Amino acid sequence: MRKVAVIADSIGCIPRDMIEAYGIEVVAPNIYWNGSVYRDWLDITPTQAYQLLQKDPEAFSTAAPSPGDLADVYRKVSRTAESLLCITLSSKVSTLYNAAVAAKELVKEELPGTPIEVMDSRTCTGAEGFVVMAAARAASEGRALAEAIGAAKSVRDRVDLLFVLDTVRYAYRTGRVPRFASQVGSLLGVKPVLGWWDGAARFKSMTRSKDKGVEQIVGLMRSRVGGKHVHVAVHHTDAAEEGVKLMERVRKEFDCVELWLTEFSPIMGYAAGRGALGLAFYAEK
């Protein structure tokens, strides 16, 4: 029996090999498209999901797992762990955190001897992934539940997320830009640069080219981490070549103790659109 099992949602964009190495249990939101249902990252790859999104954006929608689905996960994982820690994406952009809390109530009488904690990462994508990985690494070292939570909170307080969109066309889905404004912005060819704070994505600026947007997010990352050792996740939305190019630049310009490349979850790509690039990062203390 493990002391702590870590449960996370697929929005954290953690590479599959890391999920398997640390025994992380992944819960996937559902993707709906033209009457079909797919579990994010499990039944469908991000690339396949983006192809569906491109074919018919209006037929593409998503939904968080139900409390019942999460309760089933708790029951399953409790067979091999003394305690459970479920970490979700920001409660300000999804109902998944509330569903995870409700699931805890559903199983409390069935699992009276299994402590279950639910933690709001307050972020998403690779930034959320880093919070999850901090807990998973602590758990892999045999630490207790409180120590795993402490490790996750330490990273949560430091992690940052920046990204540049290739188009503003779908940004209205975030609720930050009216649909008409996003359509006009798309016609003008502007590239939004976004950051993440207070639990949600916020517009920082607009640029006339993606290259300038990349310069901005790299510059912002440099100003925030300085010369410290840094953990970095490079993201892309169906733009693998650009993602690799950005990752190699980060490798050369920063002192990376951890660097991985991943696609944005299609759940996030639904609002970001194809061609987006992002950086999730935090500096060592």
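## The E9–E10 hairpin

Strands E9 and E10 form a hairpin with two residues between them, and in the turn Asp198 has a positive phi of about 55 degrees. Helices (H or I, at least four residues) and strands (E, at least two) are DSSP runs numbered from the N terminus. The model is a predicted one, in which local features need pLDDT of at least 70 and side-chain atom pairs count only at pLDDT 80 or more, while totals for chains, interfaces and linings use all residues. Residues are numbered from 1 along each chain as its sequence is written, and side-chain values use heavy atoms, with hydrogens and water left out.

E9 covers residues 191-197 and E10 covers residues 200-207. The two run antiparallel and are joined by seven bridges; two strands count as paired if DSSP finds at least two bridges between them. Leu194 has Phe203 in E10 as its bridge partner. E9 also pairs in the antiparallel sense with strand E8 (residues 160-164), over three bridges. There, Val164 has Val193 in E9 as its bridge partner. Of the seven residues of E9, six are buried, so the strand is largely enclosed by the rest of the structure. Buried means under 20% relative accessible area, exposed over 50% and partly exposed in between (1.4 Å probe, protein chains only).

## Helix H8

Helix H8 (residues 210-225) has 16 residues and should span 22 Å at 1.5 Å a residue; its end C-alpha atoms are 23 Å apart, which agrees. The expected span is 1.5 Å times one less than the number of residues. The buried residues in H8 are Lys210, Gly213, Val214, Ile217, Val218, Met221 and Val225. They cover an arc of only 130 degrees around the axis, which puts them on the same side of H8; the arc is taken over the directions from the helix axis to the C-beta atoms.

These buried residues pack against E8, E9 and E10, and also against strand E11 (230-236), helix H9 (240-253) and E13. Contact means heavy atoms within 4.5 Å. On the face of H8 turned away from its buried side are the exposed residues Asp211, Lys212 and Ser223.

## Helix H4

The twelve residues of helix H4 (residues 96-107) reach 17 Å from the first C-alpha to the last, close to the expected 16 Å. Leu96, Ala99, Ala100, Ala103 and Val107 are its buried residues. Seen down the axis of H4, they fall within an arc of 100 degrees, so they line one face of the helix. Their cover includes strand E1 (2-9), helix H3 (67-78), strand E6 (81-88) and strand E7 (116-120).

## Aromatic pairs

The count of aromatic pairs is three. Rings of Phe, Tyr and Trp (its six-membered ring) pair if their centres lie within 6.5 Å; planes under 30 degrees apart count as stacked, over 60 as edge-to-face and the rest as tilted. Phe130 and Tyr282 form an edge-to-face pair, with 5.3 Å centre to centre and 75 degrees between the planes. Phe130 lies in helix H5 (residues 125-140) and Tyr282 in strand E13 (residues 277-283), 152 residues apart, and the pair thus links distant parts of the chain. Both Phe130 and Tyr282 are buried. Ring pairs link these two residues and Trp260 into a cluster.

## Overall fold

The protein has ten helices and 13 strands. Its C-alpha trace spans about 60 × 50 × 30 Å along the principal axes. Of the 285 residues, 55% are buried. Among contacts with a separation of 6 or more, 76% are between residues 24 or more positions apart.
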